[in-house]
Amino acid sequence: MTACAPTDRLMQTLTVEAPGAPDAVIQLQLFNIMDEFFRRTNAWRYEQEIEIKENTHEYVLSLPADTTFVRMLGAARNGIPVPPASAVGGGTASIAALGTLIPDLTFPDGDSEFAPSDTDLAAGIFTYAVYQPQYITITGPTDEEARKFPVTAVMALSLGKSCLECDCGEWGLEEWMYDMFFQDWVDGTLGRLLGMASKPWTNTTMAAYHARRFRNAMAFRKQEANRGFAYAAPAWRYPRGGWV
Amino acid sequence: MAATAALETVGQYLTESRRLLQDEFTPYRYGDDDLIDALNIGLLEARRLRADLFLPVFTIPWFDPPAADADATLRDTKVPFDPMYRQSLIYYMVGRMQLRDDEGTTDARAGALLTKFTSQLLTIAS
């Protein structure tokens with residue numbers, strides 16, 4: 001362990017809390033907990049701009065090194081949300097009900113990209129889907145008009161499996177995460193470590209305590225991430241849909 | 001020298017085992033090949049009880065007993081085992097040697113040492 005590795009504080013804390021646990025076990029459980037944490041909370045967000053190309057509907061997601069794709073949180077184009085393909089397909093009425101693709105809101109000047117005849121068909125509507133973790137599939141026209149604006153995709157990431165197997169010690173995490181999520185990861189890792197069967201450090205009572213704290217922390221972090229890490233930011237403002 | 005240098009090589013395991021067996025002078029009562037066999041079997045037992053000690057690939061190290069006397073380099077070969085649990089392997093090696101029907105030893109001592117090996121791997125207060 002180097003003197004200033006970002007994992008030092010975590011490893012030191014976990015080593016004294018789980019006496020007898022080898023470093024390799026602690027690192028394995030810490031990695032598993034971080035992975036579970038990011039998959040559940042969407043707290044690790046990444047944004048990518050995708051330039052639309054003619055007659056191309058599948059685009060490779062360029063993720064940072066040592067990360068893996070969890071899910072797409074949303075996509076937008078020219079400031080307008082793009083609906084996921086799963087939310088579209090019922091025709092014009094359902095699209096209008098979603099409140100996301102009303103033609104006169106598509107562009108600021110009032111132009112609509114979508115002909116009314118097209119909006120009856122899911123294939124003609126500008127949507128996105130992620131059928132494989134490496135690609136985003138965009139449906140809809142890829143004509144010159146569509147290529148004017150890139151699609152901004154926001155996705156949730158987690159740790160790449162390969163970084164556990166390498167010896168470099170770098171897990172692709174950003175440094176702020178170690179401080180912000182320190183207590184959550186300690187609780188989660190202790191929940192797993194102390195709950196292991198027949199180990200010198202096994203303590204089922206404390207395992208349940210830490211696991212419960214970790215679950216609560218994940219629930220909090222999930223909401224916090226949704227609200228942009230802003231304190232007490234409400235999901236909506238009163239009167240809902242009215243003037244604010 | 002770091003504390004982790006203790007019980008790091010095959011030779012150090014043999015020396016420490018002989019110390020507890022009071023078998024430090026030739027001709028030995030317990031040959032090097034027997035002790036290395038015990039070390040190999042102890043590692044198998046450790047793998048059964050504590051797979052986590054063999055992370056990340058779970059390969060069980062093995063040392064060739066017949067080469068022990070002839071090949072001095074084997075004595076310098078490192079035993080990849082967590083420093084916290086190296087002492088347990090010594091207890092296993094000594095206990096296994098004392099399972100023999102020798103004079104001057106008892107089954108109770110062998111049993112106690114083998115039990116200590118197991119309990120050190122599985123419980124914190126051991």
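**Strands, helices and chains**

Author: Gladly, and note that this is a predicted model. Let us start with a strand pair: Y128(A) has I138(A) of β6(A) as its bridge partner.

Reader: How many bridges join β5(A) to β6(A)?

Author: β6 covers residues 135-139 of chain A, and β5(A) and β6(A) run antiparallel. The number of bridges joining them is four.

Reader: Which strands of the open sheet stand at the edges?

Author: The sheet is open, with antiparallel pairing and the order β2-β6-β5 in chain A. An edge strand here has a single partner, so one side of it is left without a neighbour in the sheet. From one strand to the next, the twist averages 30°. The edge strands are β2 (58-60) and β5 (127-132) of chain A.

Reader: Is α2(A) oblique or perpendicular to α7(A)?

Author: Helix α2 (residues 23-41) and helix α7 (residues 182-194), both of chain A, pack with their axes 9 Å apart, at an angle of about 120°. Roughly perpendicular would need 65 to 115 degrees. That angle therefore makes α2(A) oblique to α7(A).

Reader: How many residues of the contact of α2(A) with α7(A) are nonpolar?

Author: α2(A) contributes residues including I26(A), L30(A) and F37(A), while W185(A) and L193(A) are among those from α7(A). Four residues of this contact are polar and two are charged. The nonpolar ones number seven.

Reader: What gives the most to the side of chain A that touches chain B?

Author: The contact takes ten residues from chain A and nine residues from chain B. On the chain A side, seven are nonpolar, two polar and one charged. The element giving the most, with three residues, is α2(A).

Methods. Residues are numbered from 1 along each chain as its sequence is written. Chains are lettered from A and ligands numbered from 1 in the order in which they are written. This is a predicted model: local features need pLDDT of at least 70, side-chain atom pairs count only at pLDDT 80 or more; totals for chains, interfaces and linings use all residues. Axes are lines fitted to C-alpha atoms, for helices over the stretch in contact, and angles run from 0 to 180 degrees between N-to-C directions. Helices (H or I, at least four residues) and strands (E, at least two) are DSSP runs, numbered from the N terminus. Angles under 35 degrees count as roughly parallel, over 145 as roughly antiparallel, 65 to 115 as roughly perpendicular and the rest as oblique. Two residues are in contact if their C-beta atoms, placed from the backbone, lie within 7 Å. Ala, Val, Leu, Ile, Met, Phe, Trp, Tyr, Cys and Pro count as nonpolar, Asp, Glu, Lys and Arg as charged, and the others, Gly among them, as polar. Two strands pair if DSSP finds at least two bridges between them.
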